[in-house]
Structures are given as C-alpha cells and as structure tokens.
Amino acid sequence: MVHTLSNPEQWLDLYGDILYRFGLARVNKVEIAEDLLQETLLAALKAKDNYSGKSTEQTWLVGILKHKIIDYFRKSTRDNVQEFDENIIDEDDVYFNEQGHWKVNSSSWSKPDKSIEQEQFISILQQCISRLPKRMAQLFMLSEFDNMTSEQVCEVMSISTMNNFWVMQSRVRVQLRHCLEVNWKNQ
Amino acid sequence: MLTCKQVSYLASKKLDKKLTLIEQLSFSLHIMMCKLCREYARDISALHQFVSKASRAGKMILPDSAKLSGQSRERIKQVLDKTIVSKE
C-alpha cells in the first residue's frame with residue numbers, strides 16, 4: 001500500500017501532540033520536546049519530496065523525530081556525564097543491605113491481561129519512569145521502548161563501559177519493579 | 001555463592017545478553033534456593049516482555065493528558081507557516 005502525505009499545514013494539528021509526547025517521554029523536558037517537535041516538522045517539510053509512501057505519514061514523522069532525539073542526546077552529552085554515572089553506580093543502595101541481601105521484602109505482582117488493565121499499567125509505569133533520575137529514565141526509554149541495542153545506547157548516551165550500562169540498567173529495573181509493586185495492585 | 005544483589009544484576013543482564021556459562025550456572029543455583037530472587041527475575045522479565053510488546057504495538061508511554069500548550073503550538077505554527085510560504 002502506498003501512502004500519501006497530507007497538507008503540511010495540517011501536520012501540527014494532526015500529529016503535534018503525538019510527536020510532542022513521544023519526545024517528552026524521552027527527553028523529559030517540556031522546552032526541549034517542543035524544540036524537537038518544531039525541528040521535526042521543519043525537517044519533514046524539507047524532505048517531503050523524498051517521502052516514498054512506504055510507511056504511514058505518522059510513522060514517517062516519528063522516524064524523523066527519532067533522529068532528532070538521537071542528535072539531541074549526542075549534543076547534550078557533557079563531560080560530567082561519566083562522573084555522574086559513577087555516582088549513580090556507587091550510590092548507597094536502598095534495596096540491598098551490606099551483605100547484598102534484599103532489604104525490601106517484596107512480593108510478586110501479576111501481569112496485566114485485559115486491555116483496560118494494560119492501559120492502567122502503562123500509566124503507572126509512566127509515573128514510575130518519571131520518578132527515576134533523568135539519565136536512568138532516558139536509558140530505559142532508549143533501550144526498552146526504542147529497541148536500541150546496548151552498544152547504541154552507550155554510544156548515544158556516552159556511557160563509558162558496557163559494565164556501567166548493565167549496572168545502570170539493573171538499577172533502573174530494581175527501582176521500577178519496586179515502584180510497580182507498590183502501585184500496581186494485583187487484580 | 002552469589003549475593004542477591006549480584007543475582008539482580010545478572011537477572012537484568014540476562015534480558016539483553018546471553019550470560020556466560022559460569023554466570024548462568026551460579027545464577028540458576030541461587031535462583032533455585034532463593035524465592036525473592038526467583039520472583040524478582042520473573043517480574044523484570046515480565047516487565048521487559050510487556051514493554052517490548054507495547055512498543056511494537058506502537059503504544060505511547062505518556063498518558064494522553066500531556067499536550068502541547070496553546071502558546072507553544074501557536075509559536076510553532078507561525079514558524080512553520082513562514083517556512084511554508086517562503087518555499088512557495
């Protein structure tokens with residue numbers, strides 16, 4: 001099936017919120033998500049003659065936005081990032097004691113089955129992600145939601161070693177699991 | 001014998017990368033005996049699967065309530081309109 005583009009003047013109305021949300025979920029800053037949206041629409045305007053029609057208009061626009069987000073990460077990576085990561089990694093552990101045993105006596109939760117449950121679950125997951133330190137939330141979004149490989153995430157986010165990546169990823173999961181356990185009621 | 005903290009690290013790494021034989025063996029041994037880690041590994045694996053399924057289905061992670069503000073929308077619209085006009 002070949003798709004066609006609508007009038008560019010309608011793009012903002014049709015996709016403005018979707019693209020904005022997509023960006024916001026990754027960069028966690030309103031002003032930057034707005035800038036990315038604007039840059040995406042401007043880039044799309046320039047590239048519209050090259051649109052092949054293989055994907056839908058929305059998928060095409062999201063694809064452009066993804067590139068803009070990666071550019072943003074590359075540019076915004078500063079010198080202190082590695083020090084910041086070391087701090088995350090060395091930080092006192094809330095979840096394990098000095099012997100490395102679980103401090104929190106957790107219990108398992110059930111997976112959401114029905115679609116209503118899934119919507120609720122996604123909304124709780126979103127709240128849990130937004131409580132993570134910004135850089136850890138970015139790491140989770142890029143590796144889990146955007147299906148980037150661990151090598152790509154390290155490159156884009158300037159994470160110095162693979163081991164640091166695994167440690168940060170593991171910390172993200174411990175925190176998310178705890179947050180979900182507290183907030184997601186077993187049905 | 002690995003600690004629970006080390007096992008939580010392996011349980012997470014395991015979702016992205018195949019563990020080495022030694023890692024896999026010590027992981028399995030611990031999991032067999034430790035209920036908390038067993039449940040932890042199961043939960044993060046379920047979360048991982050849920051997220052990749054949701055992402056493949058094109059689900060957006062932000063609730064629908066997050067919207068572009070009217071003011072910013074207007075500002076972006078003006079920039080776009082200007083560019084559209086100058087192209088024509």
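This report walks through chain B of a predicted model and the side of it that touches chain A.

## About the model

Residues are numbered from 1 along each chain as its sequence is written, while chains are lettered from A and ligands numbered from 1 in the order in which they are written. Because this is a predicted model, local features need pLDDT of at least 70 and side-chain atom pairs count only at pLDDT 80 or more, whereas totals for chains, interfaces and linings use all residues.

Chain B has a mean pLDDT (the predictor's confidence in each residue, from 0 to 100) of 89, with 90% of its residues at 70 or more. For the complex, the predictor gives an ipTM of 0.82 and a pTM of 0.80.

## Where the chains meet

In all, 38 residues of chain B are in contact (C-beta atoms, placed from the backbone, within 7 Å) with 41 residues of chain A. Helices (DSSP runs of H or I, at least four residues, numbered from the N terminus) α1, α3 and α4 (70-87) of chain B each supply at least two residues of this side. The most comes from α3(B), with 13 residues.

## A residue in α3

B:Val51 sits in helix α3 (residues 35-56) of chain B. Why does B:Val51 count as buried? It has 21 C-beta neighbours inside 10 Å, and the cut-off for buried is 20 or more other C-beta atoms within 10 Å, with C-beta atoms placed from the backbone. Leaving out residues up to four places away in sequence, B:Val51 touches A:Glu144 and A:Phe145.

## A covered helix

Helix α1 (residues 4-13) of chain B is mostly covered, with eight of its 10 residues buried. Among them are B:Cys4, B:Tyr9 and B:Lys13. Their cover includes α8 (162-183) of chain A, along with α2 (21-33) and α3 of chain B.

How values were computed:
A residue is buried if 20 or more other C-beta atoms lie within 10 Å of its own, exposed if 12 or fewer, and partly exposed in between; C-beta atoms are placed from the backbone. Two residues are in contact if their C-beta atoms, placed from the backbone, lie within 7 Å.
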